[in-house]
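Try each task on your own before reading the solution.

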Amino acid sequence: MKSDITIKLERCKGCGICAAFCPKKVLAVDELGKIQVVNGEACIACGQCELRCPDYAIFVDKKEAAK
Amino acid sequence: MERSYEKYFRQNRLPHLWCPGCGNGIVMKAIVQAIEKEGLNQDNTVIVSGIGCSSRASGYMDFDTLHTAHGRAIPFATGVKLANPELNVIVITGDGDCTAIGGNHFIHGCRRNVDLTVVLFDNNIYGMTGGQASPMTPTGKKATTAPYGSVDRPFNACDLAGAAGATYVARSTAFHVKHLTDMISGGIRNKGFSFIEAVVQCPTAYGRKNKMGSPADMLAWMRDNAVMKAAWDKMPEEQKTSEKFPIGVFLDSSYEDYGNAYEGLIQRIGGKKS
Amino acid sequence: MSKARLMQGNEACAEGAIAAGVRFFAGYPITPSTEIAETMAKLLPQYGGKFIQMEDEIGSMGAILGASLAGLKSMDATSGPGFSLKQELIGYAACAEIPCVLVNVQRVGPSTGQPTAPSQADVMQVRWGTHGDHPMIALAPWSVRETYDATVMAVNYSERFRTPVILLMDEIIGHLREKVELPDSVEVYERRKPKKTRAEGYEPYEPDEDLVPNVADFGKGYHIHVTGLLHDATGFPVGSPKVTEESIRRLHEKIARAGDEIIHTEEYFMEDAEYAVVAFGGTARTAYEAVRNAREAGKKVGLLRLMTIWPFADKVIEQLAAKVKGILVAELNYGQVVHEVRRAAQGKCLVELCGKYNMKSFEPKEIEAAIDEMCARRDA
């Protein structure tokens, strides 16, 4: 994984905006109506999901090389 | 992972009450990011809002906040700013709040050039009351009070603001988040009446009534139809279809703001320092 | 050098406001209150204050509420039609507990009515004009000099109780010119301040012992939230029956507790009176004349003048009703205060209306005749 994806589930309303704008299909809304990471390896940390999340529920950071 | 803008939210009030996929949350974040970017003091910044979905934003923002009456945010904000010119005053309003019930206050706020930054969340509809037509519902679009499509001609709030005397006028959308933040930043920097129209999606009322698809589909619609001002200006008229609209800074001028002019009056007549 | 000045009621109102520390005025022109705005426009910048003429009556009410929250004592003045427009924000001020003074120089209504003619027909609108349960303080001066004092009092009450206060003038007093001598200084109530820091758990709407909260002014670092939704001590809306009930009760109780202190009345010729006239504002001047004439004619009549209209002087009226055979309520309207007097009198004596609504103020002989008629009916 090139990135750390943090999801604040208590804020997520499952609107699907993050999943729709993810260029690598990393995210999907689960059966409970919350977002989940389904293909974390593919994440390129572009931040499109975080940018438009209306609920401030998802955060993406590039993994630091040293770690 | 903790974001610096989180300090501008009242954490114990989140998550907010807006519907899944509502664009208001995107604009609220853009506002606090612009506040952070412009280095406004959190203790010295006041958020004033009206009534409606957008106006509930004030409750989530960790400043002195004033959730006023329907349409009246600009008069309240005018009083706040004149009473204490040290305060940065940002107004959050909606298309119904600002251009219908608050329309007169809006144009006179522009005319006086009071030093306020007004962000209009334009979702084309009255959301809080369940989806009635607003003065910014496009002609032909449906609402609960326009079941056969709106007959009304809508306002272009940016044109209105500029014509009424606002010194900074801009538009952006919930899709163009960084651009939107820049537009709001510019408004905060302008000393005078700044107006920023933020086009937001209302998937629950407006989107559903008008078969606009998911929240993401509505954002994609903004991506596909918003045209940067420079490109818009060069665009042939026949390509400017009813769906297309320009975004960017439409007006950035300077004129003495009301508060400054009044302070000058006090000095001129030898009045005591306020 | 004599400090006596010839002054109009409306001017005295503006001067009283300045003396009481009002430093923000927003207004909109309307007869017969306009001189208040004009005088404030002239005086305020001299004192470092601000005057703004807003686009309408609602806007001016909004502006004074914003200015008050930002720390300035604030006032607005209007008349009938403008007063109607301000009703929503009067309720906002009551709910969000924002100190402010609103002057209503009454004229003949309904609607545009008779803009330049005197009336006292807004008594009930003052009390009940805005929607929902709310308390109200309203003061009605009867002279130019008292207009000055009543304005100071109104500002002080609004700050002390954090509530809108209405100065209920009428065209008679607003446009009356009298020789007055104004005091060098007046007692001014300074707005209460937060007693706790944020770290100590400050809550803006946590009430003091007198049930009035210490709401911080904007810009002091408290990050308060002000809303017209019913809220708890934090200031944030709560959709609970308990909070709703407690909030509405506290708003009323904070005024009710102070009732005796803020209810001002005056008695003239009342010692052995068998009948009484109750009047307020400009009409009380004529009633005074009428009662004095009646006394000279040997009739046992007195005058009770209401200076505080709201809260209503229930106890004073009840005591009066127990003492006299009849009360005549003289007012320039179709009958408003008379209903309150009847309620408060609890059937202990006859209560009659001497009403007038034809653009003219009373003449003493009209009230004298009404006194005679009432006495004749009662004694028959």
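Predicted model: local features only at pLDDT ≥ 70, side-chain atom pairs only at ≥ 80, totals over all residues.

**Exercise 1. Chains in contact**

Solution. Contacts here require C-beta atoms, placed from the backbone, within 7 Å.

**Exercise 2. The two faces of chain B**

Describe the side that chain B turns to chain C, then the side that chain B turns to chain A, by residues, elements and class.

Solution. Begin with chain C. The contact involves 35 residues from chain B and 37 residues from chain C. On the chain B side, the elements that give two or more residues are strand E2 (64-67), helix H2 (73-83), helix H4 (103-112) and helix H10 (258-268) of chain B. The top contributor is H2(B), with 8 residues. Sorted by class, this side of chain B holds 15 nonpolar, 13 polar and 7 charged residues.

Now turn to chain A. Here 18 residues from chain B meet 18 residues from chain A. Two or more residues of the chain B side come from each of helix H1 (24-37) and helix H8 (215-225) of chain B. H1(B) gives the most, with 4 residues. By class, this side of chain B has 11 nonpolar, 5 polar and 2 charged residues.

**Exercise 3. A sheet with strands from chains B and C**

Find the open sheet of 9 strands, and work out where its edges are.

Solution. First trace the order, which is E9(B)-E10(B)-E7(B)-E8(B)-E4(B)-E3(B)-E1(B)-E2(B)-E10(C), with mixed pairing. At the edges stand strand E9 (226-228) of chain B and E10 of chain C; each has a single partner strand, so one side of each is left without a neighbour in the sheet. Ignoring direction, neighbouring strands are turned by 20° against each other on average.

Next, examine where the sheet passes between chains. E2(B) and strand E10 (residues 225-227) of chain C run parallel and are joined by 3 bridges. Within this pairing, Leu66(B) is opposite Val226(C).

Finally, compare a pairing inside chain B. Strand E3 (residues 88-94) and strand E4 (residues 117-122) of chain B are parallel, with 5 bridges between them. Val91(B) faces Val118(B) of E4(B) there.

**Exercise 4. The two domains of chain C**

State how far apart the C-alpha centres of the two assigned domains of chain C are, and which elements of domain 1 face domain 2.

Solution. The domain assignment gives domain 1 (4-181) and domain 2 (265-379). Their C-alpha centres lie 27 Å apart. The contact draws 23 residues from domain 1 and 20 residues from domain 2. On the domain 1 side, two or more residues come from each of strand E6 (114-118), helix H6 (123-128), strand E7 (137-139), strand E8 (164-170) and helix H8 (171-174) of chain C. H6(C) gives the most, with 4 residues. This side of domain 1 has 18 nonpolar, 3 polar and 2 charged residues.

**Exercise 5. A helix crossing**

How do helix H12 (residues 314-323) and helix H13 (residues 337-345) of chain C cross?

Solution. Two packed helices are described by the angle between their axes and the distance between the axes. For this pair, the axes come within 8 Å and cross at roughly 65°. That makes H12(C) roughly perpendicular to H13(C). The crossing is right-handed. To see the contact itself, find Asp314(C), Ile317(C), Glu318(C) and Ala321(C) in H12(C), which meet Val341(C), Ala344(C) and Ala345(C) in H13(C). By class, this contact has 5 nonpolar, no polar and 2 charged residues.

Key. Residues numbered from 1 in each chain as written. Chains lettered and ligands numbered in written order. Nonpolar A, V, L, I, M, F, W, Y, C, P; charged D, E, K, R; others polar. Pairing = 2+ DSSP bridges. Axes fitted to C-alpha atoms, helices over the stretch in contact; angles between N-to-C directions. Parallel < 35°, antiparallel > 145°, perpendicular 65-115°, else oblique. Left-handed = near helix turned anticlockwise from the far one by under 90°. Domains from an automatic or database assignment.
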